[in-house]
Amino acid sequence: MVGWPRTNFLELVGSEHPIVQAPMAAAGGVELCVGAMAGGAVGSLPCAMLSADAVREQVTEVRPRAAGPINLNFFCHKQPANADDSAWRSLLRPYYAEYGIEPTDAGPQRKPFDETMCAVVEQLRPKIVSFHFGFPANDLVQRVKAAGAIVIGNATTVEEARWLEERGANGIIAQGFEAGGHTGRFLGSDPADALGLFALLPRVADAVSVPVIAAGGVADGRGIAAAFMLGASAVQVGTAYLHCPESLIPDAHRAALGKSDSLFTNLITGGLARGLRGRLMRELGPVRSEAPPFPLASAALAPIRAAAEARGEYGFGAMWAGQAAALGRSLPAAELTRKLAADALAILARGA
């Protein structure tokens with residue numbers, strides 16, 4: 001059987017397969033990471049919503065159970081200062097009344113990479129650290145690299161890919177608009193100009209010299225093989241892993257995968273992210289100008305979500321999913337990983 005057309009990602013990180021299990025907050029965790037690693041992928045832990053102690057605990061739990069590279073993922077957004085969310089709270093007022101709760105301020109649930117988390121990385125020394133929404137300050141990037149980590153950034157445009165490489169990225173995720181969860185846009189491009197993966201990927205691969213990881217709508221062997229034909233050295237797979245029994249998503253989210261199309265919304269966090277329609281999106285529409293900037297919208301929404309979920313209703317939380325959700329199959333993460341790799345290699349062998 002023919003091998004992978006490019007091996008520079010494998011040589012860089014040392015995984016068996018050029019597959020990264022995407023870090024998906026509230027969906028991925030220790031069990032999914034361990035399962036993906038057991039199948040030969042890079043296992044990822046989403047850290048933007050975790051405390052420093054929780055990051056330490058999860059890495060400590062993963063390491064004895066699976067061999068291979070671990071990726072710790074962090075957000076690098078700038079916290080908005082003095083944002084007025086009164087219009088957003090006014091829009092949500094009928095839901096507060098319905099559930100008999102008072103508006104509270106839970107605070108932003110996603111925090112940017114900082115000195116505290118950098119110290120955690122220095123202590124844990126993961127093989128890979130990946131960043132969403134650009135990079136942190138250069139001194140923090142250099143400290144992460146000095147701790148021995150491979151640094152990977154997320155690009156939604158060619159300009160972002162070049163920016164990341166210029167600032168020391170060892171690898172770049174090319175994220176197409178098909179991807180579930182938050183779009184990683186950080187240089188201010190117009191969302192209307194967003195590119196699909198197969199338009200973005202070859203342009204990024206031509207523009208940079210580091211390995212490129214394709215993300216967005218890659219859910220089976222066909223997608224992986226196509227990504228390699230267009231210049232990828234690896235793929236990052238997210239939504240396909242949501243179907244796995246190890247994923248942490250609630251039953252309502254799991255049942256909706258593949259039954260409805262995903263779309264961009266800013267209702268959950270204030271930032272554009274791709275997910276499935278829940279009650280909030282159906283009743284308010286997917287995008288509202290009243291929502292404060294990322295990540296502040298989640299603060300006012302949190303008590304409504306908690307009250308609804310206490311009643312078994314899951315229409316007010318994130319149900320992130322990419323556009324290829326319908327292609328997923330309910331397999332254990334290790335089995336899914338091995339199948340993805342084997343199917344892709346078989347397709348590439350036929351093409352060769």
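**Entry 1: names first**

Helices (H or I, at least four residues) and strands (E, at least two) are DSSP runs, numbered from the N terminus. I use those names throughout. I also note that this is a predicted model.

**Entry 2: Arg 125**

I began with Arg 125. I found Arg 125 in the loop between α5 (115-124) and β4 (128-132). I then looked up its backbone. Arg 125 is not a glycine, yet its phi is positive, about 50 degrees.

**Entry 3: Ala 26**

I looked up another positive phi. Ala 26 has one of about 70 degrees, and Ala 26 is not a glycine either. I located Ala 26 in the loop between β1 and α2. Its relative accessible area is 57%, which means that Ala 26 is exposed.

**Entry 4: α5 against α6**

Two packed helices are described by the angle between their axes and the distance between the axes. I looked up both for α5 and helix α6 (residues 138-146). The angle is about 15 degrees, and the axes are 9 Å apart. How do α5 and α6 run relative to each other? They are roughly parallel, because angles under 35 degrees count that way. The crossing of α5 past α6 is left-handed.

Then I listed who touches whom. From α5 come Glu 115, Cys 118, Ala 119, Val 121 and Glu 122. From α6 come Asp 139, Leu 140, Arg 143 and Val 144. By class I have five nonpolar and four charged residues in this contact, and no polar ones.

**Entry 5: α2 against α14**

Next I took helix α2 (residues 30-38) and helix α14 (residues 333-351). Their axes come within 7 Å and cross at roughly 40 degrees. That angle makes α2 oblique to α14. I noted a right-handed crossing for α2 and α14.

On the α2 side, the contact uses Leu 32, Gly 35, Ala 36 and Ala 38. On the α14 side, Ala 333, Ala 334, Thr 337 and Arg 338 take part. I sorted them by class: five nonpolar, two polar and one charged.

**Entry 6: Arg 65**

Which residues does Arg 65 touch, leaving out those up to four places away in sequence? I found Val 30, Glu 31 and Val 34. Arg 65 itself sits in the loop between α3 (52-62) and β3 (70-75). Its relative accessibility is 41%, so Arg 65 counts as partly exposed. Gly 275 is 210 residues from Arg 65 along the chain, and their C-alpha atoms are separated by 31 Å.

**Entry 7: the eight-strand sheet**

Strands of a sheet pair through backbone hydrogen bonds, either parallel or antiparallel. I traced an open sheet of eight strands with parallel pairing. The order is β1-β9-β8-β6-β5-β4-β3-β2. Which strands stand at the edges? They are β1 (19-21) and β2 (43-46). Each has a single partner strand, so one side of each is left without a neighbour in the sheet. Neighbouring strands here are turned by 25 degrees against each other on average, direction ignored.

Strand β5 (residues 150-155) and β6 pair in the parallel sense over four bridges. Ala 155 has Ala 174 of β6 as its bridge partner. Strand β8 (residues 212-215) and strand β9 (residues 234-237) run parallel and are joined by three bridges. Ala 215 has Gln 236 of β9 as its bridge partner.

Strand β6 (residues 171-175) is mostly covered, with five of its five residues buried. Gly 171, Ile 173 and Gln 175 point one way, while Ile 172 and Ala 174 point the other way.

Four bridges link β10 and strand β11 (residues 273-276).

**Entry 8: a cis peptide bond**

Last, I looked up Pro 295. Which loop holds Pro 295? I placed it between α12 (279-284) and α13 (297-310). The peptide bond joining Phe 294 and Pro 295 is cis, with omega about 0 degrees.

Note on methods:
Residues are numbered from 1 along each chain as its sequence is written. This is a predicted model: local features need pLDDT of at least 70, side-chain atom pairs count only at pLDDT 80 or more; totals for chains, interfaces and linings use all residues. Side-chain values use heavy atoms; hydrogens and water are left out. Axes are lines fitted to C-alpha atoms, for helices over the stretch in contact, and angles run from 0 to 180 degrees between N-to-C directions. Angles under 35 degrees count as roughly parallel, over 145 as roughly antiparallel, 65 to 115 as roughly perpendicular and the rest as oblique. A crossing is left-handed if the near helix is turned anticlockwise from the far one by less than a right angle, and right-handed if clockwise. Contact means heavy atoms within 4.5 Å. Ala, Val, Leu, Ile, Met, Phe, Trp, Tyr, Cys and Pro count as nonpolar, Asp, Glu, Lys and Arg as charged, and the others, Gly among them, as polar. Two strands pair if DSSP finds at least two bridges between them. Buried means under 20% relative accessible area, exposed over 50%, partly exposed in between (1.4 Å probe, protein chains only).
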